[in-house]
Amino acid sequence: MQAWRVHRNGEPSEVMELEETDRPTPGDGQVLLKVLAANINFPDALLCRGQYQVRPPLPFTPGVEICGETEDGRRVLATPALPDGGFAEYVVADEAALLPVPDALDDAEAAALHIGYQTGWFGLHRRAHLQAGETLLVHAAAGGVGSAAVQLGKAAGATVIGVVGGPEKAAIARRLGCDLVIDRRSEDIVTAVKEATGGRGADVVYDPVGGDAYAKSVKCIAFEGRVVVVGFASGTIPAPGLNHALVKNYSIVGLHWGLYNTKDPAAVRACHDELTKLAAQGVVKPLVSERLPMADAARGVQWVADGTSTGRVVVLPAGGTR
């Protein structure tokens with residue numbers, strides 16, 4: 001089969017190589033899946049760079065989430081077992097963790113529903129306890145992780161403020177449903193949020209960026225606000241001033257969605273049931289900006305690494321268009 005392999009760490013476009021290799025062999029409790037679509041995530045870029053919290057042995061295949069097909073023809077969502085990730089024609093995955101694909105979504109959309117939307121749902125509901133009528137501030141609102149949080153925030157009845165970089169991404173954030181869009185390149189985030197909320201600030205901040213995004217967020221956080229730390233796409237991990245959290249009476253909560261797979265798998269399935277209902281209602285629908293053939297996967301991972309992509313970039317190993 002064909003698979004993208006990484007033999008040394010570095011930039012995705014430089015270290016990912018398309019090779020012929022053997023199909024992976026399922027172990028106990030695992031199944032072989034044909035990859036219908038593989039969604040590109042920022043952790044795939046970090047894996048290539050050797051900067052992710054999990055460092056599979058070299059060589060490995062990146063690709064942390066897929067829509068796949070079982071031997072009996074069922075479409076399922078899966079997180080492939082590294083080092084044999086999803087940018088391949090076949091993967092193996094734990095059978096107990098497979099989730100059924102919502103009928104409302106095609107292969108590419110389904111591949112993008114899993115990690116990003118689960119992260120958004122757990123971040124907003126389990127960690128931040130977002131309530132209808134509250135104000136939600138989402139950084140990187142036109143990106144893969146941010147776009148999911150925007151849709152889920154609107155579904156929860158929140159007023160959603162999206163932060164983006166540039167007019168193209170601003171237009172996408174508006175189409176996603178943001179009530180207000182702030183272009184961080186030309187507008188001051190703190191001033192804009194305070195003006196939009198009558199000086200109160202944002203009740204919940206969803207931050208997959210870190211760095212300056214976090215620093216600006218805590219300057220416009222509301223009384224008893226919650227900052228959900230999702231990741232550090234900026235490359236800078238902020239050092240929170242706990243005295244500031246004390247004085248302003250806000251909470252800083254971390255979210256590592258993968259822990260729920262081992263600590264509370266029933267909650268993951270319950271979340272998927274909720275996401276399936278929202279997809280059936282048309283309330284959530286992953287924004288797939290690019291559907292790439294297998295040969296262009298490394299280019300797609302580099303787009304995500306560079307922060308130039310919008311929505312989700314999905315690889316279709318079988319060459320399909322679903």
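**Helix α11 and its neighbours**

Me: What follows α11, and what is its phi like?
Reply: Gly-282 follows α11, and its phi is positive, near 80 degrees. Helices here are DSSP runs of H or I with at least four residues, strands are runs of E with at least two, and both are numbered from the N terminus.

Me: What kind of model is this?
Reply: It is a predicted model: local features need pLDDT of at least 70, side-chain atom pairs count only at pLDDT 80 or more, and totals for chains, interfaces and linings use all residues. Residues are numbered from 1 along each chain as its sequence is written, and side-chain values use heavy atoms, with hydrogens and water left out.

Me: What span should α11 have?
Reply: α11 covers residues 265–280, so its 16 residues should span 22 Å at 1.5 Å a residue. The expected span is 1.5 Å times one less than the number of residues. The end C-alpha atoms of α11 are 23 Å apart, which agrees.

Me: Which residues of α11 are buried?
Reply: Ala-267, Val-268, Cys-271, His-272, Leu-275, Leu-278 and Ala-279. Buried means under 20% relative accessible area, exposed over 50%, partly exposed in between (1.4 Å probe, protein chains only).

Me: What's on the face turned away?
Reply: The exposed residues Ala-266, Lys-277 and Ala-280.

Me: And what covers the buried residues?
Reply: The cover includes β5 (75–78), β7 (99–100), α4 (115–127), α5 (144–155) and α10 (258–263). Contact means heavy atoms within 4.5 Å.

Me: How do α4 and α11 cross?
Reply: Their axes come within 10 Å and cross at roughly 100 degrees. That makes α4 roughly perpendicular to α11. Axes are lines fitted to C-alpha atoms, for helices over the stretch in contact, and angles run from 0 to 180 degrees between N-to-C directions. Under 35 degrees is roughly parallel, over 145 roughly antiparallel, 65 to 115 roughly perpendicular, and the rest oblique.

Me: New topic. Where is Glu-89?
Reply: Glu-89 is in the loop between β5 and β6 (90–94). Glu-89 is partly exposed, with a relative accessible area of 26%.

Me: What is Glu-89 in contact with?
Reply: Leaving aside neighbours within four places in sequence, Glu-89 is in contact with Met-1, Gln-2, Leu-33, Lys-34, Val-35, Met-294 and Pro-317.
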